[in-house]
Amino acid sequence: MTVVGLDDTDSHEGMCTTWVAARLAERLRETGATVSRLLLVRCNPAVPHKTRGNAALAVHTDASPDLAFETARDLVAEHADVDGENTNPAVVVADHSPTAVPERVVEWARDAVVAHHDRAEALDLVSTLAYHHAGWGNARGTIGALAAVGAYAAFEDWTYEYISYRARDRWGTPREIDYDALFTAADDTYPEAWDTVDRPTGAAVCVPRTPCPILHGIRGDDPDAVRRVAERTAGTRGEPGNETGSEPAVSGALFCTNQGTDGHLIDEALHGLEDGYSYRTDGVVATEPETREGGHVHVELRAGDVRFPVVAFEPTKRFRDHVRRLRVGDRLTVCGEVSEGTLKLEKVAVRSLVRTAAVVPRCPRCARTMESAGTGQGYRCRDCKTTASGKRHQLLDRDLEPGWYEVPPTARRHIAKPLVRGGFDAPVHPER
Ligand code: ZN
């Protein structure tokens with residue numbers, strides 16, 4: 001078996017690494033080789049020098065390592081923007097099966113999703129292991145390509161994305177999508193396929209807005225379901241004037257992927273959070289939620305003596321309503337990336353809600369709010385001389401339930417796990 005790892009062939013002019021991987025699979029099949037799997041690996045979304053979406057690709061094949069390497073190298077040279085300042089592609093080819101990966105490469109893949117890697121270290125490892133390697137520019141793509149080689153052995157939770165590609169002469173032009181067909185297909189296959197659309201806003205989440213070759217990418221847990229949605233919302237291959245009203249998809253490929261798995265999250269206490277990583281952490285609401293300029297909702301968490309700010313950004317839209325309903329004292333688990341000392345919320349679990357508030361008592365005779373009678377002296381009504389020994393507990397009307405809340409599909413990070421996938425430790429309130 002042979003594993004080809006590819007990374008960083010994306011460019012702002014529209015090239016996309018998934019397209020290069022799909023073309024590579026096609027070319028290898030043309031030689032009579034079998035391609036058993038295409039892997040789409042999302043690396044740490046908090047890495048600063050990332051490509052769009054920080055994706056790396058692997059192709060699993062029985063083609064010889066030499067043939068696979070030459071074919072991949074030629075494709076990247078031909079199609080990637082290898083002269084682009086921010087495009088630093090690499091190809092890494094390993095002569096072993098995707099499951100018989102050296103432990104160091106397995107660890108490399110695990111770290112690539114949660115942490116940070118050094119380019120020089122990647123080049124060292126590739127040469128130590130005598131993998132075939134080609135790099136362009138500064139070859140930063142070697143980091144991701146190596147991670148893609150190790151990924152299948154490193155992770156257990158996999159989902160699928162079926163990506164349909166546009167005819168070349170349409171790249172960069174507005175996409176023609178039959179939205180009725182898309183929304184119907186999305187309804188029929190939910191939740192086997194998820195994040196296809198965003199219902200309340202009517203957004204087609206699966207359709208990219210970049211000038212890349214992708215017509216749409218359908219995600220889900222069931223490979224047949226994602227393929228079905230793709231076929232129902234693209235025209236007949238290569239033939240214009242199809243029954244759906246969408247433009248034709250000239251090709252398509254099924255990718256096995258770590259998207260939607262929360263693979264980027266590290267369990268850590270509030271005092272251990274650092275910029276450049278994503279976490280799952282517990283805390284108690286320490287400040288009333290505050291909507292600031294731009295519509296971002298800020299709130300502070302505490303755990304012991306440590307306080308840490310978290311934010312629900314404006315693009316998370318209706319998710320912010322849940323955050324606004326939090327009160328001081330609510331116990332939470334929050335998930336998200338930390339940057340500039342703030343955790344950017346992707347999802348939150350309400351563990352327990354404060355149900356009562358201590359309020360200054362009212363006078364039982366005149367109903368006016370009492371005044372303090374002095375430190376430790378309780379309260380009294382100045383007019384009626386009635387007294388109360390302390391604050392009283394008032395039942396709060398909470399418009400929030402315990403359980404997990406998430407950002408809507410439009411705001412979801414590729415790697416973040418949708419609640420509808422299940423396996424969470426509390427009731428869920430999925431967005432669809
Ligand atoms: Zn009174």
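Visitor: Where is lysine 317 found?
Guide: Lysine 317 sits in the loop between strand S14 (306–312) and helix H8 (319–324). Helices (H or I, at least four residues) and strands (E, at least two) are DSSP runs, numbered from the N terminus. This is a predicted model, in which local features need pLDDT of at least 70 and side-chain atom pairs count only at pLDDT 80 or more, while totals for chains, interfaces and linings use all residues. Residues are numbered from 1 along each chain as its sequence is written, and side-chain values use heavy atoms, with hydrogens and water left out.

Visitor: What is phi of lysine 317 near?
Guide: Phi of lysine 317 is near 45°, a positive value in a residue other than glycine.

Visitor: And why does lysine 317 count as partly exposed?
Guide: Because its relative accessible area is 36%. Buried means under 20% relative accessible area, exposed over 50%, and partly exposed in between (1.4 Å probe, protein chains only).

Visitor: What about alanine 367, what is its phi?
Guide: Alanine 367 has a positive phi of about 70°, although it is not a glycine. Alanine 367 is in the loop between strand S17 (356–359) and strand S18 (371–372). With 45% relative accessibility, alanine 367 counts as partly exposed.

Visitor: Which peptide bond is cis?
Guide: The one from tyrosine 190 to proline 191, with omega near 5°. Proline 191 lies in the loop between helix H6 (179–189) and strand S7 (193–194).

Visitor: Next, lysine 391. Which residues does it touch?
Guide: Not counting residues up to four places away in sequence, lysine 391 touches Ala358, Val359, Val360, Pro361 and Tyr379. Contact means heavy atoms within 4.5 Å. Proline 361 is 30 residues away from lysine 391 along the chain, and their C-alpha atoms are separated by 5.8 Å.

Visitor: Where does lysine 391 lie?
Guide: In the loop between strand S20 (387–388) and strand S21 (392–395). Lysine 391 has 48% relative accessibility, so it counts as partly exposed.

Visitor: Let's zoom out. How many helices and strands does the chain have?
Guide: The chain has eight helices and 23 strands. Its C-alpha atoms fill a box of roughly 95 × 55 × 35 Å, taken along the principal axes.

Visitor: How many of the residues count as buried?
Guide: Of the 432 residues of the chain, 53% do. As for contacts between residues at least 6 apart in sequence, 68% of them join residues at least 24 apart.

Visitor: How many residues has the largest nonpolar core?
Guide: It has 35 residues, and those with the most contacts inside it are Val4, Leu6, Leu24, Val59, Val91 and Phe255. A nonpolar core is a set of buried Ala, Val, Leu, Ile, Met, Phe, Trp, Tyr and Cys residues joined through side-chain atoms within 4.5 Å. Elements that each supply at least two residues of this core include strand S1 (2–7), helix H1 (17–30) and helix H2 (65–79).

Visitor: Which element gives the largest share of this core?
Guide: H1, with seven residues.

Visitor: What is leucine 6 in contact with?
Guide: Leaving aside neighbours within four places in sequence, the contacts of leucine 6 include Val20, Leu24, Val76 and Val91. There is also a second, separate core of 32 residues, which includes Leu39, Cys43, Val126 and Leu129.

Visitor: Last topic, helix packing. At what angle do H1 and H2 pack?
Guide: At about 135°, with their axes 10 Å apart. Axes are lines fitted to C-alpha atoms, for helices over the stretch in contact, and angles run from 0 to 180 degrees between N-to-C directions. That angle makes H1 oblique to H2. Angles under 35 degrees count as roughly parallel, over 145 as roughly antiparallel, 65 to 115 as roughly perpendicular and the rest as oblique.

Visitor: And how do H3 and H5 cross?
Guide: The axes of helix H3 (residues 103–114) and H5 come within 7 Å and cross at roughly 105°, which means that H3 is roughly perpendicular to H5. Residues making the contact include Trp108 and Arg110 of H3 and Ile143 and Leu146 of H5.
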